[in-house]
Amino acid sequence: MVDLPKKKVGIVSCSGEELAEGTVTRLAALKVLEHLRPADTVAICLPLFMAGGEGDRAFARFYPTIAVDGCELRCAARATEMYSSKPAASVMVRDLVIENNLGQPEGKRHLNAAGLQAVDVTAEQIAALVDKLLDKRWDRRAGTFAAGSQDTSVCPQDMAETGKEATCSCGSGIPIQKLIISGQEVTFVGLPLIFQQFREAGKAPGDAILSEIMDTVKIYNPIPVEAKAAYGEAILGEYRVFWGKEIAR
Amino acid sequence: MTISGQKVVIVPCSGIGKTYGSVSRQAAYIVVEDLRPEDTQLAALSLLVMGDEASRAMLAENPAITIDGCKLACATKMVQESGGTVAQAFAVLDVYRRYKQFKPQGIAELNEGGEQLAHVLAEEIVGIVDHISIDSDVKDHHKGCENG
């Protein structure tokens, strides 16, 4: 029985509209997301951090992220750290342009040849970081991942068996879980991951951890004051079920 | 540009996960680079997210037009959070509902429908920009008369 989605890497690009390098970050991120590593990556929307995208914030808290910035201001890296947690890796287009002796990217709407080259170089760099973070080795000759290097995390499809969903409002893949509380169905963002963290820390279900687990749940989910006790009871009950399954495995 | 030197700030959402985000970005470029380069300027949402002082000052001194790709309305929220005045908020989806013949597809590269939708959206934005500019000029003119 499995409870968690496949581990993925979040890509946060600055997408700066006022610079050609911003367009490079956007196109490079999309190249990784759509073509190079579609199964291993998800897009994280930078403005959503600020506009209250709890799914995006939660994802970046639980999973590794790569910040892709166009310039020295490093808005993507700083925003990710400010609103969620420190990115696992960082890429800056201007650094890559210098390191690879590329020409100056120009053209915010339509990149010049140097800009398109920068997109390819940046995308390759991101893909390599994704593989590193997921502990995968890419076999260039075979055009596939080397045997034995695949991430052993479970697949999102497996989650359907447990009644959990690998989705949220932003589509970032953060798992949600629905509980029935006082006859109402309530959706919790990140609950399976929180359970997993507590389980790995050896925190057995019980009143001793109620306050701590509720504090963690509250980071990503609103808890109505008047229903705090009912929410706590339901969450602790579900954690007991999770704990039992893990022990039985 | 108005007599007082104001330029309307165009703020697209540029969402990376959806086609409508690309339409918003493209429409912003059409307005700022092609249709009204003298009257408008672009603000980067990433800078607003980080509270960039220059961007906040730009919004404090000029009216803004926001273009959002989804219901979360990040561009509009960010301008408001940054102390700016949203003169008009556009939602790409609403524009698409009026021009369903232009079906946008693609994120990295928009299809023809997406480009056409961006163009009609840009034309609507230009209408608002012109309205704001005329209003500002009339106010500036009145001020000039009162002072002179």
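User: What share of chain B counts as buried?
Analyst: In this predicted model, 51% of the 148 residues of chain B count as buried.

User: And how much of the contact set comes from residues 24 or more positions apart?
Analyst: Counting contacts in chain B with a separation of 6 or more, 64% come from such residues.

User: How many helices and strands in chain B?
Analyst: Chain B has 6 helices and 4 strands. The pattern along the sequence is β-α-β-α-α-β-α-β-α-α.

User: What's the strand order in the sheet?
Analyst: 2-1-3-4, in an open sheet with parallel pairing.

User: Which strands stand at the edges?
Analyst: Strand 2 (40-42) and strand 4 (85-91) of chain B. Each has a single partner strand, so one side of each lacks a neighbour in the sheet. On average, neighbouring strands are turned by 25 degrees against each other, direction ignored.

User: How many bridges join strand 1 to strand 3?
Analyst: In chain B, 4 bridges link strand 1 (residues 8-12) with strand 3 (residues 63-68), and the two run parallel. Pro12(B), for one, has Ile67(B) as its bridge partner.

User: What does helix 1 of chain B lie across?
Analyst: Helix 1 (residues 19-35) lies across strand 1, strand 2 and strand 3 of chain B. Its angle to strand 1 of chain B is about 160 degrees.

Terms used
Residues are numbered from 1 along each chain as its sequence is written. Chains are lettered from A and ligands numbered from 1 in the order in which they are written. This is a predicted model: local features need pLDDT of at least 70, side-chain atom pairs count only at pLDDT 80 or more; totals for chains, interfaces and linings use all residues. Two strands pair if DSSP finds at least two bridges between them. Axes are lines fitted to C-alpha atoms, for helices over the stretch in contact, and angles run from 0 to 180 degrees between N-to-C directions. Two residues are in contact if their C-beta atoms, placed from the backbone, lie within 7 Å. A residue is buried if 20 or more other C-beta atoms lie within 10 Å of its own, exposed if 12 or fewer, and partly exposed in between; C-beta atoms are placed from the backbone.
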